Amino acid sequence: MSGKQSRRRRQTLAAKKPTAVKGPALRPKASPKILLAILAVLLLIGAAVGVASALRGGSSGSSSKQAVAGATRVQSLFHGIAQHGNVLGRPSAPVTLVEYADLQCPYCRDFGLQAEPSLIKHYVRTGRVKVVFRPLAFLGPDSVRGRNAVIAAGLQNKLFDVVQLLYTNQGVENTGWLDDNIVEAAARSVPSIEVGRLLADKDSAAVARKAQAFDSQAMADGVHSTPTVLVGKTGGTLRQVDQKQLSSTLATLVS
């Protein structure tokens, strides 16, 4: 057989060689032991993530639950306004407004939430009026707890923030709503406050002395109900003013 004939024979044989048919790919089956091992690892990872979250104090969702209603509004209301203890506004403001209130009193809440924001915007923020808040405890043990809490907040110059938050979340008087939990939650809703310090201070002798001083001053001012509001020129004689006459009285004093 010649060389050319030999090459043609190899080509012919190659052409007749059957082509391999591709079938479906075979997937290896995992061993049940391997699957159980993978499941165990995943469970361990999940448990580790849960522990880490607990150690960090929970997720962002649980942190948000610590903020009471009204937190954003209150931050905006007092942003940039000086607080010194129980005094809100410029210390040298020409007009002084003194407010006696009980944190459980619904009428005090109405005044605090409805009238004060406008007062703060037009008179306190502009430096023409300063507000002096003197908490009383007329209505019962919960009122005492609320009063002590806001006085303690005043030691950190955040009294007015906590007052507004407690008003916003006020419940029916003497039903136990004003407990340690709401006090702590309100404190945690004020970004720059030291919560642990407030909780310790509210039961301190210093806070008790301030509360007693407010009671004595209320007697001297002839306060028999809450809210009671007194206004006048700073350094002068203050007189009680009906809430309906408050706006016109302030307008006259600052003119």
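Contact, as I use the word here, means heavy atoms within 4.5 Å. This is a predicted model, where local features need pLDDT of at least 70, side-chain atom pairs count only at pLDDT 80 or more, and totals for chains, interfaces and linings use all residues. Residues are numbered from 1 along each chain as its sequence is written, and side-chain values use heavy atoms, with hydrogens and water left out.

The overall picture, then. The protein has 11 helices and six strands; these are DSSP runs numbered from the N terminus, helices being H or I with at least four residues and strands E with at least two. Of its 255 residues, 37% are buried, meaning under 20% relative accessible area, with exposed over 50% and partly exposed in between, for a 1.4 Å probe and protein chains only.

Now helix 11, residues 246-254. Its buried residues are L246, T249, L250, L253 and V254. Seen down the helix axis, they fall within an arc of 120 degrees, so they line one face of helix 11; the arc is taken over directions from the axis to the C-beta atoms. S247 and T252 sit on the other side and are exposed.

What covers that buried set? Among the elements are helix 5, strand 3 (95-102), strand 4 (129-136), strand 5 (228-233) and strand 6 (239-240).

L119 counts as buried because its relative accessibility is 7%. Leaving out residues up to four places away in sequence, L119 touches L97, V124, V131, L246 and L250. L119 and V131 are 12 residues apart in sequence, and their C-alpha atoms are 9.6 Å apart.
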